[in-house]
Amino acid sequence: MAGRTAKNTAQNTQGQSQSAQEKQSQPLDFDVRIQSIKPNEAIKGTASVNINGAFAIRGVKIIEGSNGLFVSMPSYKVGNDYKDICFPITPECRKQLNDAVLGAYEQALTQSQNSMAKHHEMQQAPEGQAMNMTGM
């Protein structure tokens, strides 16, 4: 299998340098699905990311750090260090991924807060009227 990988890598390398440079300037399409929102915890949420409909990443974390929110890629522990399993190679791709994940998280958080506010409004009785608690 290692020989096959090396052969595929050698064949692909010839045409990659020019096409990689061309593709670097093109924006990627990130489809982000927020899996969980936990605004009161250190890990604020988790997400799944689908890139260009061709590559999926599960287990992306949104974390509150000392400088604000940041995106943490799936990783594994080696000794005292963590190594990312997959990650953006270029600064441009990292920025696009971070912007897409944090944007989706902020949107989901806003929708969640709006939904909770509406639910709270529905439970309150209009001013001056008693609230019927039968069946609750």
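# Working through the fold

The side chain of aspartate 99 makes a polar contact with the side chain of lysine 95, at 2.7 Å. (A polar contact is a pair of N or O atoms within 3.5 Å; within protein, one must be able to donate a hydrogen and the other to accept it, and residues adjacent in sequence count only if both atoms are side-chain atoms.)

Before you start: this is a predicted model, where local features need pLDDT of at least 70 and side-chain atom pairs count only at pLDDT 80 or more, while totals for chains, interfaces and linings use all residues. Residues are numbered from 1 along each chain as its sequence is written, and side-chain values use heavy atoms, with hydrogens and water left out.

**Exercise 1. What pattern do the helices and strands follow along the sequence?**

Step 1: Get the pieces. The protein has two helices and six strands. Helices (H or I, at least four residues) and strands (E, at least two) are DSSP runs, numbered from the N terminus.

Step 2: Read them in order. You get α-β-β-β-β-β-β-α.

**Exercise 2. Work out the strand order of the open four-stranded sheet.**

Step 1: Know the pairing rule. Two strands pair if DSSP finds at least two bridges between them.

Step 2: Follow the pairs. The order is 1-2-3-4, and the pairing is antiparallel. Strand 1 and strand 4 (68–72) are the edge strands, as each pairs on one side only. From one strand to the next, the twist averages 25 degrees; here axes are lines fitted to C-alpha atoms, for helices over the stretch in contact, and angles run from 0 to 180 degrees between N-to-C directions.

Step 3: Zoom in on one pair. Strand 1 and strand 2 are joined by seven antiparallel bridges, with phenylalanine 30 opposite isoleucine 51 in strand 2.

**Exercise 3. How many residues lie between strand 5 and strand 6 in their hairpin?**

Step 1: Check the pairing. Strand 5 (residues 75–78) runs antiparallel to strand 6 over four bridges. Serine 75 stands opposite aspartate 84, and lysine 77 has tyrosine 82 as its bridge partner.

Step 2: Look at the turn. Two residues sit between the strands, and glycine 79 in the turn has a positive phi of about 65 degrees.

Step 3: Compare another loop. Asparagine 52 lies between strand 2 and strand 3. Its phi is near 50 degrees, positive in a residue other than glycine.

**Exercise 4. Which residues touch the most other members of the largest nonpolar core?**

Step 1: A nonpolar core is a set of buried Ala, Val, Leu, Ile, Met, Phe, Trp, Tyr and Cys residues joined through side-chain atoms within 4.5 Å. Buried means under 20% relative accessible area, exposed over 50%, and partly exposed in between (1.4 Å probe, protein chains only).

Step 2: Name them. Out of 17 core residues, they are Phe30, Val32, Val49, Ile57, Val60 and Val101. At least two core residues come from each of strand 1 (30–37), strand 2 (43–51), strand 3 (55–65) and helix 2. Helix 2 gives the largest share, six residues.

Step 3: Follow one member. Leaving out residues up to four places away in sequence, valine 32 touches Ala47, Ser48, Val49, Ala100, Val101 and Ala104. Contact means heavy atoms within 4.5 Å.

Step 4: Step back. In soluble globular proteins, nonpolar side chains tend to be buried together. Here, 20% of the 136 residues count as buried.

**Exercise 5. Is threonine 90 buried or exposed?**

Step 1: Locate it. Threonine 90 sits in the loop between strand 6 (81–84) and helix 2 (91–123).

Step 2: Apply the cut-off. Its relative accessibility is 18%, so threonine 90 counts as buried.

Step 3: Find its partner. The threonine 90 side chain reaches the backbone nitrogen of cysteine 93 at 3.1 Å. Cysteine 93 is buried because its relative accessible area is 18%.

**Exercise 6. How many disulfides are there?**

Step 1: Use the rule. A disulfide is a pair of cysteine sulfur atoms within 2.5 Å.

Step 2: Count. There are zero.

**Exercise 7. Where is aspartate 99?**

Step 1: Aspartate 99 is in helix 2, and at 44% relative accessibility it counts as partly exposed.

Step 2: Look across the fold. Aspartate 99 and valine 71 are 28 residues apart in sequence, with 9.2 Å from C-alpha to C-alpha.
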